[in-house]
Amino acid sequence: MENDHRKDIERASSEEYRVRSDKVDRLRERGIEPWPTFRPVNAQAANIITQFQEGVETEYTIAGRLLTIRRHGKAVFATLQDGSGKIQLYLKEDILGDSFKLFADYIDIGDIVWCRGVVFKTHVGEITLRVLEYHLLSKSLHPLPEKFHGIADIETKYRQRYLDLIVSSETRARFVQRSRMVSAIRQFLEERGYLEVETPMLHPIAGGAAARPFITHHNTLDEDFYLRIAPELYLKRLVVGGLDRVYEINRNFRNEGVSTRHNPEFTMLELYTAYEDYHYAMNIVEELLRTAAYAVGGTLQCPYGNLMIDFSQPFRRLTMKNAIMEYGNFSEYDLSSQNIGALCARHGIRLAAGVNSYGYQLAALFEHIAEKKLIQPTFICDFPVEISPLAKRNPANPEFVPRFELFIAGMEISNAYNELNDPFEQALRFEEQLKLHAAGDDEAHQYDADYVRALEYGLPPTVGIGIGIDRLAMLLTNTTSIKEVILFPTLKKLS
């Protein structure tokens, strides 16, 4: 039924396209260009409305897209939308003369027009622009979707985002909020002495995170390159070079599945701070997220689905092991090295050979038992060393690393750890990852000899933080699908 409905829409659109194309020909016969050069404007819809003074008919020039046209004999009411919002237009035959009939015959919903007029208030109290002159700036050859509150068909919504932005004020507001969030993050970091940098998107070696990379080929060099999984190893090279506080907001690429929380191309914030540790990282992440939440919604209590996320309270801090015990109602004895395997088996967790040590089992249990139950902001701390190949060991407990992941509404939002700066141990960790890769783990790290060489020059004690910008935007705009906060999400080609 959905496909039949889409075909009906396409057929209707094709007929409308023919009608509007014919109008283009007839306009040109009259010497009117349907896509002329620009005309200057001196106002936007929002300015006209906010500056309105009763009894003062100020003249303005404005341009935008027509969303509605309502004809009433010798008068027309229309809605014009520009980048700031909407305003009503009023066109009268006795004011416009011959161009009034031209409007009736050739102007359609979706067209972009320029208007000169004076502002007044109608008898029902709506601030309106009485049009003294208008010109067509861009002819729309297709009709807009019928429902102006948004596009019902999800495929159209994502594949033709420009239509979604035209007809959905909610969509436009969401991306404005996302932009404000990113601006607030930049300002927050710059006020604290962080330098924004850019690092390569094409990597000769895949690394920086555990993920399957996208592979491309450079013809001139005749070498394969990888779209970056993460900027981590390059940013830490900069810390070696003396840039003690650096950050980057940019694209990462991971050759993985598409879901409501995953897109193969996504935006990350990564920042690195020399001479600090993961306790500092928890504090600054907590402060940064409060800043971002307030920038988006003007409040620290943010609705998310049927939940209310409270950023005003101190974020909870819990070790991975304690989270499993609390949310699974297990004891320390249940999670002992001799019993954890049986506990995994009871919960249907099966790990492949080579990734079935105690640390892998603990991480798998956490993901299965506790992760989805972490609703309010919660730092999960102290990760097994096996799943943290770039993190420094905890000297008091070498099987674990000083690392946290921040979970909100069951989603991982941030990851951070004290960076491994011992070049000998880093080389050994890379070698262990190579063994996993040889055993069939496509997400294992490759050996990066140049990065090891950089560490040999001395990386100061450093903490690194990653924050998923798309997921944070989901939370702060009350959106449950990552596709709603990415302007052009990755989609399967239409057959």
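Reader: What makes strand 2 (residues 75-82) mostly covered?

Author: Seven of the eight residues of strand 2 are buried. Buried means under 20% relative accessible area, exposed means over 50%, and partly exposed lies in between, with a 1.4 Å probe and protein chains only. Strands are DSSP runs of E with at least two residues, and helices are runs of H or I with at least four, numbered from the N terminus. This is a predicted model, in which local features need pLDDT of at least 70 and side-chain atom pairs count only at pLDDT 80 or more, while totals for chains, interfaces and linings use all residues. Residues are numbered from 1 along each chain as its sequence is written, and side-chain values use heavy atoms, leaving out hydrogens and water.

Reader: What makes strand 2 and strand 3 (residues 85-92) a pair?

Author: Strand 2 and strand 3 pair in the antiparallel sense over eight bridges, against a requirement of at least two. Ala 75, for instance, has Lys 92 in strand 3 as its bridge partner. A hairpin through two residues joins strand 2 to strand 3.

Reader: Why is Leu 67 called buried?

Author: Leu 67, found in strand 1, has a relative accessible area of 4% and is therefore buried.

Reader: How does the span of helix 7 (residues 169-191) stand against the expected value?

Author: The expected span of a helix is 1.5 Å times one less than its number of residues. Helix 7 has 23 residues and reaches 33 Å from its first C-alpha to its last, close to the 33 Å expected. Its buried residues include Arg 174, Met 181, Ile 185 and Leu 189. The buried residues of helix 7 pack against several elements, among them strand 11 (265-274) and helix 9 (278-297). Gly 193, which follows helix 7, has a positive phi near 85°.

Reader: What makes a group of residues a nonpolar core?

Author: A nonpolar core is a set of buried Ala, Val, Leu, Ile, Met, Phe, Trp, Tyr and Cys residues joined through side-chain atoms within 4.5 Å. The largest has 47 residues, of which Met 181, Ile 185, Leu 269 and Leu 289 touch the most other members. Helix 9 contributes the largest share of this core, eleven residues. Apart from it lies another core of 41 residues, including Phe 330 and Ile 380.

Reader: Why does Thr 273 count as buried?

Author: Thr 273, in strand 11, has 0% relative accessibility and so counts as buried. Its side chain makes a polar contact with the side chain of Tyr 194 at 2.6 Å. A polar contact is a pair of N or O atoms within 3.5 Å; within protein, one must be able to donate a hydrogen and the other to accept it, and residues adjacent in sequence count only if both atoms are side-chain atoms. The distance therefore falls within the cut-off.

Reader: Why is Asn 329 called exposed, and why is Asn 478 partly exposed?

Author: Asn 329 has a relative accessible area of 71% and is therefore exposed, whereas Asn 478 stands at 36% and so counts as partly exposed. Asn 329 lies in the loop between helix 10 (320-328) and helix 11 (340-346), and Asn 478 in the segment after helix 15. Phi is positive, near 55°, in Asn 329 and also near 55° in Asn 478.

Reader: How many disulfides does the whole structure hold?

Author: A search finds zero, where a disulfide is a pair of cysteine sulfur atoms within 2.5 Å. Cys 115, at 2% relative accessibility, counts as buried, and Cys 302 counts as buried at 6%.

Definitions and conventions:
Contact means heavy atoms within 4.5 Å.
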